[in-house]
Amino acid sequence: MAEHGSPSERLYATLRAAILHGVFVPEQPLKPQELASAEKVSLAVARETLLRLVGEGLAARLPNRGFAVPAVDAGRWQQIAEARAVTEPAMLRLSVERGGVDWEVRVRATHHHLARTPFREPGGTYVSDEWSEAHRQFHRALLEGCDNPVLLDGFDRLWTASELARRWSGALVPERDGVKEHAALEEAALNRDAERATDLLAQHVLHTARNLTVRGD
């Protein structure tokens, strides 16, 4: 556990990392009292932390049954993917139309960084934190040319909510050629080919949810 910050922030960082790194498996109960005792925090802090994770899509609140890690095939992943597949291609179209040279430079730079960041840590099973952050930066850069802070705020929320699904998808379907998908996205966007770029992005977003449906059964 990190040494600095409030008890709530320390527990949040510890539990978030454990869920993302597969320490807790899908549908495993997350019991506030057990977490409070193990991490030496109050029950109120444990519950507050779990509710925060629910808001980020990293935990599920179960009626009358407390909290748990979400299920791999939870319908919510499909709903989030559908929302992203509707909004993000529209944002990318605006970026292609409005984005200037600074936008092109950022898309190129973030893709370069992503392409050179290892997908997993050496010997690891789950996606590395470094790759996940580089991935987020590239996707956000593609959309920042839309020049609409309201749409970008929506992207940020949906991205956070879908982070666990991306991690699981990468673990379940390691043969997916994400490098090729991202290179094609960059090329289409910077060639100002709005039709191809938006089609590629919609397919890219929906692919993750499909992987969970197929492999999570």
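Modeller: What follows goes through the salt bridges one by one and then turns to the nonpolar cores.

This is a predicted model, in which local features need pLDDT of at least 70, side-chain atom pairs count only at pLDDT 80 or more, and totals for chains, interfaces and linings use all residues. Residues are numbered from 1 along each chain as its sequence is written, and side-chain values use heavy atoms, with hydrogens and water left out.

A salt bridge here is a side-chain nitrogen of Lys or Arg within 4 Å of a carboxyl oxygen of Asp or Glu. The whole structure holds 14 salt bridges. One of them joins Glu9 to Arg52, at 2.8 Å from N to O. Glu9 sits in helix H1 (residues 7-20) and Arg52 in helix H3 (residues 43-55), so this pair ties together parts 43 residues apart in sequence. Helices (H or I, at least four residues) and strands (E, at least two) are DSSP runs, numbered from the N terminus. Glu9 is partly exposed at 38% relative accessible area, and Arg52 is partly exposed at 34%. Buried means under 20% relative accessible area, exposed over 50%, and partly exposed in between (1.4 Å probe, protein chains only).

Glu56 and Arg16 form another salt bridge, with their closest N and O atoms 3.5 Å apart. Glu56 lies in the loop between H3 and strand S2 (60-62), while Arg16 belongs to helix H1, so the pair ties together parts 40 residues apart in sequence. Glu56 is buried at 17%, whereas Arg16 is partly exposed at 25%.

Arg140 and Asp156 also meet in a salt bridge, at 2.9 Å from N to O. Arg140 is in helix H6 (residues 129-144) and Asp156 in helix H7 (residues 149-161), 16 residues apart. Arg140 is buried, with a relative accessible area of 17%, and Asp156 is partly exposed at 25%. Through shared partners, salt bridges join Arg106, Arg140, Glu144 and Asp156 into one network.

Now the cores. A nonpolar core is a set of buried Ala, Val, Leu, Ile, Met, Phe, Trp, Tyr and Cys residues joined through side-chain atoms within 4.5 Å. The largest has 28 residues, of which Leu92, Val107, Leu142, Leu143 and Leu185 touch the most other members. Elements giving it two or more residues include H6 and H7, and H6 supplies the largest share, 6 residues. Leu143 is in contact (heavy atoms within 4.5 Å) with residues including Glu88, Leu92, Phe155 and Leu201, leaving aside residues up to four places away in sequence. Apart from this core lies another, of 21 residues, among them Ala59, Phe67, Val72 and Ala165.
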